[in-house]
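Work through the following exercises with the sequence and the model side by side. Try each task before you read its solution.

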Amino acid sequence: MVTMYHVYIIQSLKDRGYYVGLSSDVEKRLVYHNAGRVRSTKARTPFTLVYSEDFATRVLAREREKYLKSYKGSQEKQNIIEHVS
């Protein structure tokens with residue numbers, strides 16, 4: 001079995017803000033976020049999944065995550081959010 005990696009965007013239903021992350025199991029990771037088990041999002045629960053991209057390797061997924069979190073990638077992240085909402 002081949003492990004896929006996913007870059008995801010979730011939205012806080014509390015403050016309407018977005019969070020970009022990486023996981024090999026997005027559904028399980030969303031459960032962790034909503035249970036308050038992720039330090040960086042703990043105070044902003046609950047979350048809903050907005051978007052997810054699949055990658056064959058963790059390296060590729062991490063590069064994409066870093067890009068979307070960067071100043072340069074913020075416009076692309078905003079475009080993604082606007083097109084899925």
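**Exercise 1.** Is S23 buried or exposed?

*Solution.* Before starting, note that this is a predicted model, in which local features need pLDDT of at least 70 and side-chain atom pairs count only at pLDDT 80 or more, while totals for chains, interfaces and linings use all residues. Residues are numbered from 1 along each chain as its sequence is written, and side-chain values use heavy atoms, with hydrogens and water left out.

Begin by placing S23, which is found in strand 2; helices (H or I, at least four residues) and strands (E, at least two) are DSSP runs, numbered from the N terminus. Next, recall the cut-offs: buried means under 20% relative accessible area, exposed over 50%, and partly exposed in between, with a 1.4 Å probe and protein chains only. S23 has a relative accessible area of 11%, so it is buried. Then list its surroundings: leaving out residues up to four places away in sequence, S23 touches M4, Y5, H6, Y8 and R29, where contact means heavy atoms within 4.5 Å. Finally, a polar atom of the S23 side chain lies 3.0 Å from the backbone nitrogen of D25.

**Exercise 2.** Which residues of helix 3 are buried, and what do they pack against?

*Solution.* Start with the helix as a whole: helix 3 (residues 71-84) has 14 residues and reaches 21 Å from its first C-alpha to its last, close to the 20 Å expected at 1.5 Å a residue, a span computed as 1.5 Å times one less than the number of residues. Its buried residues are G73, K77, I80 and I81. Seen down the axis of helix 3, these fall within an arc of 95°, so they line one face of the helix; the arc is that of the directions from the helix axis to the C-beta atoms. The face turned away from this buried side carries the exposed residues K72 and H83. The buried residues of helix 3 pack against strand 1 (5-12), strand 2 (18-23), strand 3 (47-55) and helix 2 (58-69).

**Exercise 3.** Which residues make up the largest nonpolar core?

*Solution.* A nonpolar core is a set of buried Ala, Val, Leu, Ile, Met, Phe, Trp, Tyr and Cys residues joined through side-chain atoms within 4.5 Å. The largest has 9 residues, namely V7, I9, V20, L22, F55, A61, L68, I80 and I81. Strand 1, strand 2, helix 2 and helix 3 each give two or more residues to this core. Apart from it lies another core, of 6 residues, among them I10, Y19, L30 and F47.

Note on methods: Polar contact = N/O pair within 3.5 Å; in protein donor to acceptor, adjacent residues only side chain to side chain.
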